[in-house]
Amino acid sequence: MMQKNGWTLAAGVLGLLAMLALPGRAGAAAVVGQPAPPFTLTDTSGKQQSLADFQGKFVVLEWINHECPFVKKHYGSGNMQKLQKKYLDQGVVWLSVSSSAPGKQGNYPPAKWNELTAAAKASPTAVLLDPDGTVGRAYGAKTTPHMYVIDRQGTLIYAGGIDDKPSTDPDDIPGAKSYVDLALTEAIAGQPIAVASSTPYGCSVKY
Amino acid sequence: MRTDPSQQGGSRAGRGLARRASRGTIVGIVTILALLAALAAAAAVPAGATGAATAGPVAAEHVTVELVPDVTHVRPGESFVVGLRFALEKDWHVYWANPGDSGLAPTLRWQLPEGTSAGELQWPYPQRIAVGPLVNYGYEGEVVLPVEVAPAATLRDGDTLRLAARADWLVCKEDCIPGRADLALELPVSGAPAARDWRSAGAFDEARAKLPRSGSTTAPVEAVREDGRVELRISDAPPGEITFFPLDADHVENAAPQRLTHDRGTATLALVTSQQRREPVERLRGTLVAEAGFGPQKAPAVAIDVAVHDAAAAPAEAGAVAVGAAAEAPLSPWLALGFAVLGGLLLNVMPCVFPVLSIKVLDFVRRAGDSAARLRLHGLAYAAGVLLSFWVLAGVLLALRAGGESLGWGFQLQSPVFVVAMIFLLFALAASLLGVFDVGLGVTALAGRVPQGDGLAGSFATGVLATAVATPCTAPFMGPALGYALTLPAASALAVFTALGAGMALPYVVLCFVPGLLRLLPRPGAWLETFKQAMAFPLLATVVWLVWVLGLQAGVDAILGVLIGLLLLALALWVRARFGTLAQPQAKRRVALAASLVLSLAGLATALALRDAREDVATATAVGEHDLYGNAWRPWSAATLAELRAAGSPVFVDFTAAWCLTCKVNEHVVFSSPEVRDAFAERGIALLRADWTSRDDEITRALASFGRSGVPLYVLYGRDDAAPRILPSVLTRGVVLEALAQVDRGRG
């Protein structure tokens with residue numbers, strides 16, 4: 001009995017010391033040209049969505065926070081919805097991901113999310129909830145929006161900004177080079193991606 | 001609607017508690033929660049509206065924006081400087097030219113009269129602003145971004161020059177608000193001699209001081225590509241901290257620590273290459289900032305633009321291991337091991353280890369009659385416990401640092417989760433020493449009635465426990481040894497940690513192997529029980545201290561949480577002792593043990609749930625005001641230090657943390673002395689305090705620049721350019737007064 005307690009205590013304290021690895025930083029970012037980190041998240045209708053389920057399709061990941069002025073720029077102008085529609089029609093899977101932690105800006109209950117999506121007239125395949133930020137960190141998502149494109153084999157082929165005009169001004173959209181649009185067009189046509197990564201711009205992801 | 005995390009935690013804890021609290025307690029807790037909610041609501045009052053297009057300041061949300069002149073009037077054809085001024089609400093920031101991981105730099109679009117032109121915005125060096133796992137570069141408080149304006153030569157005396165511009169910016173705290181304002185500035189034209197506008201001269205001077213100087217003569221820099229890193233090698237580098245702010249996004253990882261080493265006048269700053277980047281970094285542009293200033297003019301910041309070349313092409317001297325700061329000679333490996341053994345020995349008499357140590361002494365008294373072989377086994381089991389714990393700690397620390405974390409020794413106590421766990425452990429140990437319950441913990445059982453031939457696990461556990469509680473008491477000799485260890489390859493670092501553990505275990509191992517020594521200890525008797533119970537009080541004192549540390553880290557709610565948690569734990573221990581003994585029927589005993597377990601877990605959960613997320617609120621002691629003893633401490637930052645140094649002021653820096661007992665003792669013994677206080681005041685020495693109670697990467701880097709990875713550290717900068725003087729980790733009035741006297745001589 002005493003012997004057992006001693007070992008339990010020792011193991012407990014050692015475990016405690018080892019547990020210090022807990023305060024995590026943004027992990028290794030997903031790298032273009034490498035397999036995209038796998039994940040399973042619950043969407044706003046309560047369904048489990050795994051990246052693996054979409055093998056054979058192009059997948060877009062869009063980090064989202066409706067209260068962020070950069071996100072408002074692309075939804076308020078209809079730019080994001082247009083992009084979604086254009087590629088959903090071509091069989092692309094569009095996943096909007098929220099990594100806002102509980103209590104932080106952009107974290108809502110699923111019902112509220114569905115209202116927001118409807119109000120924005122957005123049509124993502126699903127809105128995924130990542131409140132503990134695991135998937136956000138695995139991808140190295142820094143901003144909202146931060147965009148990723150994954151090819152049919154599950155390889156990350158684009159990571160970065162939605163376009164080349166970092167601003168909150170919707171007037172900048174017509175003159176901007178939409179990296180996501182270009183990458184998807186090139187990828188679907190079987191061409192190499194001209195710009196496979198760029199600097200993301202936006203609000204910080206509210207981990 | 002945003003909700004305060006502490007509030008959520010509070011309601012969770014409230015729910016957990018409601019099950020067994022009296023109605024009165026519930027009413028009390030509801031009142032507290034309501035108060036918290038009211039406070040949160042009061043804090044969320046929205047601010048200001050957007051402005052209109054007129055001359056003068058424009059009040060926008062969380063920031064006031066204005067075009068300010070550095071001159072009273074314009075001379076035709078003669079360039080002058082105006083500035084875009086942001087005055088920010090507390091905790092809000094605007095961004096630098098490169099905003100870092102998120103955000104957006106402010107822009108100006110000029111509408112200027114014919115013949116007048118304006119240059120680009122100039123950028124004083126920013127500060128690193130951490131947002132969760134991300135890092136931004138920006139400004140808090142007030143900043144002026146200077147712009148040079150070349151007025152038309154055709155202007156005449158008596159004209160008014162109207163400068164108009166549209167400013168766009170993003171202001172963020174954690175949430176971001178874009179802002180836009182049409183700004184204007186009207187200046188009279190006159191041929192009179194140029195004169196500065198005194199109203200904004202101070203702000204311009206500050207901005208100019210922070211503008212990077214260009215020209216390679218101030219800091220010859222070389223950039224070398226290593227695996228996954230770019231190393232900036234700075235010749236004739238100033239001592240102390242150096243930080244790099246990259247101008248281009250996606251070249252280096254913003255949030256990664258910049259590891260600085262000094263070696264014979266050359267400073268090497270290792271930058272982690274951006275993970276998103278696929279091509280090698282060809283050029284590095286940005287601003288280098290040194291607290292001690294570059295070159296003969298002590299420029300705090302220099303602009304660099306260097307080509308990056310491969311390590312192979314670099315001069316061969318790259319292999320040298322750089323340790324220690326300019327003021328401290330590098331340690332030889334054997335000396336470091338020696339210091340480590342000595343440091344380990346000293347840990348035994350440190351206040352945090354003493355209670356655990358006393359239990360070990362009791363154990364020895366008990367064992368005086370054991371066989372010699374048995375005793376040796378116990379000694380070795382204890383040593384194994386100590387060593388294994390040091391290896392686990394060192395392993396975690398090295399792994400985290402390899403992963404890019406900026407951590408130093410004592411980092412455990414920067415984690416509130418760890419502090420809470422230690423509070424519970426020590427509280428339970430104290431209860432056990434007092435005899436509230438005897439079954440549980442092997443350590444206590446050892447001191448009591450363990451039959452001969454048993455309890456090896458207990459000896460092992462004592463070793464583990466002693467190490468866990470010892471870590472904050474960074475013994476005076478451990479600072480240099482651990483700083484050295486962390487710059488070494490993993491295997492050598494582990495050797496240093498092993499030496500440390502060996503030093504700590506040494507006295508007991510010696511006792512066990514030389515049984516003659518044991519006979520010198522007093523014989524067991526009734527006094528033993530009294531002594532055992534008395535030893536509960538140092539443990540409880542440690543609990544009090546840790547609760548204070550937790551309060552500084554996580555706020556007063558966390559104290560409430562941990563105290564409620566301890567209440568539940570006390571209840572659990574009592575239930576266990578009262579109803580869980582062998583004298584009770586088995587069924588009842590089982591229920592009691594289960595209830596006790598559930599209660600302890602509920603206690604721990606409550607303590608952790610009420611833990612506030614604000615880990616950055618910590619201040620070890622009053623900073624910014626006079627301390628208890630009348631010394632005027634200001635919070636340390638690289639920028640503050642650089643400013644004071646540039647102004648020629650001598651500076652004393654106290655690197656400290658609430659959980660560092662050595663620091664507290666030093667502060668009490670030395671800074672309370674009127675002679676020391678007067679010496680500081682007479683010589684006009686600025687006092688800066690770097691508080692490492694919670695994680696702070698900037699301070700970790702500053703410590704690293706002195707070859708340290710833990711506190712305390714005391715650094716005295718003289719009036720002149722000489723390298724700063726590092727004072728011993730154990731301060732005496734004599735040592736400090738003698739060092740301060742040197743400062744005075746330096747001036748003469």
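Predicted model: local features only at pLDDT ≥ 70, side-chain atom pairs only at ≥ 80, totals over all residues.
T656(B) lies in strand β21 of chain B, residues 651-656, where helices (H or I, at least four residues) and strands (E, at least two) are DSSP runs numbered from the N terminus. T656(B) counts as buried because it has 26 C-beta neighbours inside 10 Å; a residue is buried if 20 or more other C-beta atoms, placed from the backbone, lie within 10 Å of its own, exposed if 12 or fewer, and partly exposed in between.

Residues are numbered from 1 along each chain as its sequence is written, while chains are lettered from A and ligands numbered from 1 in the order in which they are written.

Two open sheets are set out below; two strands pair if DSSP finds at least two bridges between them.

| Chain | Strand order | Pairing |
|---|---|---|
| A | β2-β1-β5-β4-β3-β7-β8 | mixed, seven strands |
| B | β15-β18-β19-β13-β14-β17-β16 | mixed, seven strands |

In chain B, β15 (242-246) and β16 (259-263) stand at the edges with a single partner strand each, so one side of each is left without a neighbour in the sheet. Five bridges join β15(B) to the antiparallel strand β18(B), residues 283-294, and I242(B) stands opposite A290(B) in β18(B).

In chain A, four bridges join β3 (residues 59-63) to β7 (residues 147-150), which run antiparallel, and V59(A) has I150(A) as its bridge partner in β7(A).
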